Amino acid sequence: MKKIEAIIRPEDLDGVRVSLQEKGIVGMTVEEVQGRGRQKGVCLQWRAGEYCVEFLPKVRMDIIVDDKDVDIAIDAVIRAARTGKNGDGKIFIYPVEDIVRISTGERGKEAI
């Protein structure tokens with residue numbers, strides 16, 4: 001099993017959710033976060049001068065999938081979130097040792 005952590009633009013969340021759902025991946029945790037990468041924030045010009053935002057709003061999605069579904073999930077996220085510009089986000093993949101569903105006690109793949 002793998003944990004896929006995707007950092008995406010907030011406006012892409014619904015598209016990514018639908019793209020994953022079309023592939024049969026429905027479980028996820030979503031959190032609003034702030035960050036920066038190559039985009040390095042944004043500087044805006046106002047009448048009073050320049051205003052720089054160092055950390056931009058992003059959404060972090062945590063998705064747990066079976067090993068066989070990793071590439072399917074990654075492709076779904078990329079297809080829905082890619083604009084080709086800096087700031088599209090990143091995807092991280094981590095191994096998951098075990099999962100336990102609290103309500104039933106199921107473990108492993110059955111608990112996804």
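Anything over 50% relative accessible area goes down as exposed here, anything under 20% as buried, and whatever sits in between as partly exposed. Keep those cut-offs in mind for the views below, which come from a predicted model.

**View 1. Arg17 and Asp14 pair up within helix 1.** Their side chains meet in a salt bridge, with 3.9 Å from N to O. The two residues sit three apart in helix 1, about one turn of the helix. Asp14 has a relative accessible area of 52%, so Asp14 is exposed. Arg17 comes in at 34%, so Arg17 is called partly exposed. This pair is one of nine salt bridges in the structure.

**View 2. A salt bridge joins Arg60 to Glu31.** The closest N and O atoms of this pair are 2.4 Å apart. Arg60 belongs to strand 5 and Glu31 to strand 2 (residues 29–35), so the bridge ties together parts that lie 29 residues apart in sequence. How open are the two partners, in relative accessible area? Arg60 is partly exposed at 24%, and Glu31 is partly exposed too, at 39%.

**View 3. Glu54 and Arg36 link two loops through a salt bridge.** Here the closest N and O atoms are 2.5 Å apart. Glu54 is found in the loop between strand 4 and strand 5, while Arg36 is in the loop between strand 2 and strand 3, so the contact ties together parts 18 residues apart in sequence. Glu54 is partly exposed, with 39% relative accessibility. Arg36 also counts as partly exposed, at 44%.

View 4. Strand 3 (residues 42–46) supplies the largest share, with three residues. Tyr51 comes from strand 4 (residues 49–53). With a relative accessible area of 48%, Tyr51 is partly exposed.

**View 5. Helix 2 has a buried side and a face turned away from it.** Start with the length: the 12 residues of helix 2 (residues 70–81) should span 16 Å at 1.5 Å a residue, and the end C-alpha atoms are 17 Å apart, which agrees. Now for the buried residues of helix 2: they are Val70, Ala73, Ile74, Ala76, Val77 and Ala81. Why do they count as being on the same side of helix 2? Because they cover an arc of only 160° around the axis. What covers them includes strand 1 (2–8), helix 1 (13–22), strand 5 (56–65) and strand 6 (89–95). On the face of helix 2 turned away from this buried side, you'll find the exposed residues Asp71 and Arg79.

**View 6. Ala81 is a buried residue of helix 2.** Its relative accessible area is 6%, which is why Ala81 is classed as buried. Which residues does Ala81 touch, leaving out those up to four places away in sequence? Ala81 is in contact with Ile8, Asp12, Val16 and Asp88. There's also Arg9 to look for: 72 residues separate Ala81 and Arg9 along the chain, yet their C-alpha atoms are 7.5 Å apart.

Note on methods. Residues numbered from 1 in each chain as written. Predicted model: local features only at pLDDT ≥ 70, side-chain atom pairs only at ≥ 80, totals over all residues. Heavy atoms only, no water. Helix = DSSP H or I, 4+ residues; strand = E, 2+ residues; numbered from the N terminus. Buried < 20%, exposed > 50% of the residue type's maximum accessible area, 1.4 Å probe, protein only. Expected span 1.5 Å × (residues − 1). Arc of directions from axis to C-beta. Contact = heavy atoms within 4.5 Å. Salt bridge = Lys/Arg side-chain N within 4 Å of Asp/Glu carboxyl O.
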